[in-house]
Amino acid sequence: MQSTDTFKLQNYLFEEGKTIDLYKNALKEVGCESAYYCYELLSNGQTVKEKIRFFIYTSSDNNIFAVMPYVHRAIILNKVETGFYDVSSPWGYNGPFFKEGISEALVQEFWKATDNWYFENKVVSEFLRFNFFENYKGYSGEVVHTLFNVKGDITDRDLFWSNLKSNTRNQFRKAEKTGLEFKLYYEDITEKQIADFYQVYIGTMDRRNAIDSFYHPMEYFLNFWKNNQEKCAIGLVYKDGLPISTELFLISEKTIYSFLGGTDSDYFKLRPNEFLKISAVIWANEKGLQYYMIGGGLSNGKEDKLYLYKKKYFPNDTDIDFYTGRKIINVKKYLEFSKAVGHSIEGDVRQNIREGFFPRYRDLTLIKEIDS
């Protein structure tokens, strides 16, 4: 068991060169291989008012036991800066990455240290998206089950195929017969292939009227690929040489993760998306990967349509739970800011944060109503 007396929390702003290298080396020391912690994946969308930072939790002899990237956001209400901040996880599955074997007592001390830093630095609340390595255990705030994520064992290719529902197998065969061609590019990806991915992806975002955070510039994908070639792959489905369906996959921990993708709606009837996902499983199996994480739905329930679509690929596999964390550090300011956007909270605020939008003062619906 580690002593908790000589550990310290260090806070850094991501800057070119020194601190980025420090972050990457810290991830190596704690044994983090997850693609979701890659700096290049986290770095999109940073603004003057929203800075991506990271904590490192170390012993007195500089051994690192935890690394946590986070977004430090200025709280601006009615276009006026409040002088206070909140913390959110970068997009994806992260939160703190703890070194294997860290004691429960030291995990609790880590959270105490972050809470103290928050209070001293005018942080009002924290919202975290936890990873899939149970880093939610010991959290000092409220842990909320948020989604069921579909994860499939792909070590037995024949078993995967036989477990598919008959209509899904038929959709794959139909796609083959219509002359669709699947290519998966890994490590030797070219800028042309990234451009093909981007064309289909952005077209899909336009069709869905996606929120701004999904509109990554092409340079974002190029930069991620150039710095993490072993952790990303691009799947493309072609019809007569034209890219019509695509997916950017993340690869780590013997797992292939669905990340971002899209399909040209003019070709839906050819079932290119089913063709892409099943073909990607076949490729991953041949590469020796063990799992396919396809993700969850839009809501926390097994009746969600997107969840059910994804579940058809792994109907017999056990889902993996995705948790988020909610924490109020400064109750007085949380109530004040929530009231400023038209939301009065009755009773003990800390007992009412598991439901609804969090933090309440960032509820865009309420803010729009106030401004209108």
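**Entry 1: the whole chain**

I call a residue buried when its relative accessible area is under 20%. With that settled, I looked at the model, which is a predicted one. Buried residues account for 53% of the 372 residues in the chain.

Next I looked up the secondary structure, and I found 11 helices and 13 strands in the chain. The radius of gyration came out at 22 Å, close to the 21 Å that the globule rule gives for 372 residues, so the chain is as compact as a globular protein of that length. I also noted the box that the C-alpha atoms fill: roughly 65 × 55 × 40 Å along the principal axes.

Then I turned to contacts. Taking those between residues at least 6 apart in sequence, I saw that 74% join residues at least 24 apart.

**Entry 2: strand β7 and its partners**

I picked out β7, residues 142–153, and asked myself which strands it is joined to. One is β13 (residues 320–328), which runs antiparallel to β7 and is joined to it by seven bridges.

**Entry 3: Ser 279**

Is Ser 279 buried or exposed? I found its relative accessible area to be 9%, which is under the 20% cut-off, so Ser 279 counts as buried. The residue sits in helix α8, which covers residues 272–286.

I then checked what Ser 279 touches. Leaving out residues up to four places away in sequence, I got Phe 172 and Phe 182. Phe 172 is 107 residues from Ser 279 along the chain, yet their C-alpha atoms are separated by 8.9 Å.

**Entry 4: the second largest pocket**

The largest share, three residues, comes from α3.

Last, I sorted the lining of this pocket by residue type: six are nonpolar, five polar and three charged.

Notes. Residues numbered from 1 in each chain as written. Predicted model: local features only at pLDDT ≥ 70, side-chain atom pairs only at ≥ 80, totals over all residues. Heavy atoms only, no water. Helix = DSSP H or I, 4+ residues; strand = E, 2+ residues; numbered from the N terminus. Nonpolar A, V, L, I, M, F, W, Y, C, P; charged D, E, K, R; others polar. Pairing = 2+ DSSP bridges. Rg over C-alpha atoms; globule rule 2.2 N^0.38 Å. Buried < 20%, exposed > 50% of the residue type's maximum accessible area, 1.4 Å probe, protein only. Contact = heavy atoms within 4.5 Å.
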